[in-house]
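Reader: I have a structure open and would like to go through it. Can you put it up and start with the order of the elements?

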Amino acid sequence: MLAVGVIGGGLLVVTLRNIIHSAVAMMVCFGSLAGMYALLGAPIVAAAQVLIYLGAISVLILFAIMLTQAGDANLPSPFHRQALVAGPIALVFAGLVGWAAISTDWHVAAVTVAVSVTAIATSLFTDYALPFEILSLLLLVAIIGAIYLARRPEDEELH
Amino acid sequence: MGLQGYLIVSTLLFAIGAFGFLSRRNAILMLICIELMLNGVNLSLVAFNAYLPPASNAGAIFALLVMAVAAAEATVGLALVIAIIRTRQTPEVDEYSDLKE
């Protein structure tokens, strides 16, 4: 059921003509993924998925669509002509990786262990403290860059 | 649905995202497809973390880090796309062909 949500949402994102419908299908896809993370015993990842993807990135993308939609949404075709090449390539990729996933003998654990929030917090601030700090720096740089890029040109500023 | 089911779902999600990125003409939709690909990889990381024996939580932590990087990437990418749409008045990527001529 959740897999149908993920794959169907993804297919709708790629094939729908109206980009706002695509964004809504993307939210369906991300919500189903959050359910899958919860089923896999990673509730903290599911919560982060809901907060970051459903909460932040979806709203950001919807805002960008509304800021840029010029009203001429009825294009002859939403697809580039290189779709004819991209389709077979994506199919071959999915076939190869899927075949590798099926034919490999994974030594699957007998019991799946849920990841506790405490364990994640402990290792995030001990073993993975350096990636965490680098990530905070990256987020700071991204914020500054986004402000610089999205600001109006100088001559349009009000004085 | 075991580990292989989750891996197949994640592979399909990545392939759908790659196909959309290569074939759609709208710049914002290409960014959405990048997010789809990142989510496919995230799903495989969390699935490996849940099913494979060494009982560590590296997969979940990698997934969280990938999410933060994806948020940064979406912010800067959307700012770039909005800036380029403001100057070129179109979101179609095949209209951005100044360097070709």
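Author: From the N terminus on, chain A runs α-α-α-α-α-α. That comes to 6 helices and 0 strands. Helices (H or I, at least four residues) and strands (E, at least two) are DSSP runs, numbered from the N terminus. This is a predicted model, in which local features need pLDDT of at least 70, side-chain atom pairs count only at pLDDT 80 or more, and totals for chains, interfaces and linings use all residues. Residues are numbered from 1 along each chain as its sequence is written, and chains are lettered from A and ligands numbered from 1 in the order in which they are written.

Reader: ok, which domains does the assignment give for chain A?

Author: Domain 1 (1–69) and domain 2 (116–152). The bounds come from an automatic or database domain assignment. Taken over C-alpha atoms, the centres of domain 1 and domain 2 of chain A are 22 Å apart.

Reader: And how many residues of chain B are in contact with chain A?

Author: 59 residues of chain B are in contact with 65 residues of chain A. Contact here has a cut-off: the C-beta atoms, placed from the backbone, lie within 7 Å.

Reader: which element of chain B gives the most to that side?

Author: α3(B), with 20 residues.

Reader: what's that side like by class?

Author: The side of chain B that touches chain A has 44 nonpolar, 11 polar and 4 charged residues. Ala, Val, Leu, Ile, Met, Phe, Trp, Tyr, Cys and Pro count as nonpolar, Asp, Glu, Lys and Arg as charged, and the others, Gly among them, as polar.

Reader: New topic. How many residues are in the largest nonpolar core?

Author: 65 residues, and B:Ala47 is among those with the most contacts inside it. Such a core is a set of buried Ala, Val, Leu, Ile, Met, Phe, Trp, Tyr and Cys residues joined through C-beta atoms within 7 Å. α2(B) gives the most to this core, with 15 residues.

Reader: what is B:Ala47 in contact with?

Author: Leaving aside neighbours within four places in sequence, B:Ala47 is in contact with A:Leu40, B:Leu3, B:Tyr6, B:Leu7 and B:Ser10.

Reader: last one, why does B:Ala58 count as partly exposed?

Author: Because B:Ala58 has 14 C-beta neighbours inside 10 Å. A residue is buried if 20 or more other C-beta atoms lie within 10 Å of its own, exposed if 12 or fewer, and partly exposed in between, with C-beta atoms placed from the backbone. B:Ala58 is found in helix α3 of chain B.

Methods
Two residues are in contact if their C-beta atoms, placed from the backbone, lie within 7 Å.
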